[in-house]
Amino acid sequence: MFFEHQSNKEKEYYKTMLKTLGSLSRLFSENNQPALYYRATENLLCKAFGAKNLSRGDISIDASKDNIGIGIKTFGYKKNGVSREKIAEFNKDYASFSQLSAKDKVIKISELRNARIESTKGIAAVNDLFYHCIVRKAGSILVFEEPMHKINISKIKNIVVSSSGTISFSDGKEDYSFSVSKSTLYKKFHARKFLFEIPVKIIDDPFHALEKLLIQNKDGNNFSPAE
């Protein structure tokens, strides 16, 4: 995994800044779950761990460090701990699968997905790929990681087409679904074993906190909205 191999100083900085970002949630949302803008979490991970930011590239990861590629996912916690999240889009390849049967669509999309993962490894010069998942829960933020697998095409099973045209399937290790109309592939993430959980107290008036921050910085004092 990625996180466990970073220094304690980097880990603590990352946790503190996640907590700080979460505390400013009222800037964007009234939800009890901390609001985290995905670009902010991408930038934070790169700053905290000295990783290379690849989020603007058309590849399967958002950052890299050493030989590890990291795909950063930020989503809300569900009661059953399972969340279906987008992992790839294939708009440019629509013509190659639009007229295929459901089974052949799944095979084609799996081939495209696997090719993109291999391409990502070459472009980013990494050997191992992982998902770094930041889960927003009422009162806290949780983080877990899991490998970014290629789809095992030879073991694809349980192909089901919904009334909306979405095709769900499994390769025995992961559960996927593909929205034909959106040309988008989703994967189920299971929030079970976490690397850490940090409590987050959302500031009622973040604008006042930022105003105070600016005033105190002007006076040469320090201020942390996470305190």
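Visitor: Where does Asp171 lie?
Guide: In this predicted model, Asp171 sits in the loop that runs between strand 8 (167-170) and strand 9 (175-179).

Visitor: Is Asp171 buried or exposed?
Guide: Asp171 is buried, because its relative accessible area is 4%, and buried means under 20%.

Visitor: Which backbone nitrogens does its side chain approach?
Guide: A polar atom of the Asp171 side chain lies 3.0 Å from the backbone nitrogen of Asn152. The Asp171 side chain also reaches the backbone nitrogen of Glu174, at 2.8 Å.

Visitor: And what else is Asp171 in contact with, leaving aside neighbours within four places in sequence?
Guide: Besides Asn152, the contacts of Asp171 beyond those neighbours are Lys150, Ile151, Lys155, Ile156 and Tyr176.

Visitor: Changing topic: how many residues has the largest nonpolar core?
Guide: That core has 31 residues, and Ile61, Phe90 and Leu185 have the most contacts inside it. Elements giving two or more residues to this core include strand 8, strand 9 and strand 10 (184-190). Helix 4 gives the largest share, five residues.

Visitor: What does Leu185 touch, sequence neighbours aside?
Guide: Beyond four places in sequence, Leu185 is in contact with residues including Phe90, Ile109, Ile151, Phe169, Tyr176 and Phe178.

Visitor: What other core lies apart from this one?
Guide: Another core, of 23 residues, lies apart from it; Phe3, Leu44, Leu45 and Ile72 are among its members.

Terms used. Residues numbered from 1 in each chain as written. Predicted model: local features only at pLDDT ≥ 70, side-chain atom pairs only at ≥ 80, totals over all residues. Heavy atoms only, no water. Helix = DSSP H or I, 4+ residues; strand = E, 2+ residues; numbered from the N terminus. Buried < 20%, exposed > 50% of the residue type's maximum accessible area, 1.4 Å probe, protein only. Contact = heavy atoms within 4.5 Å. Polar contact = N/O pair within 3.5 Å; in protein donor to acceptor, adjacent residues only side chain to side chain. Core = buried A, V, L, I, M, F, W, Y, C linked by side-chain atoms within 4.5 Å.
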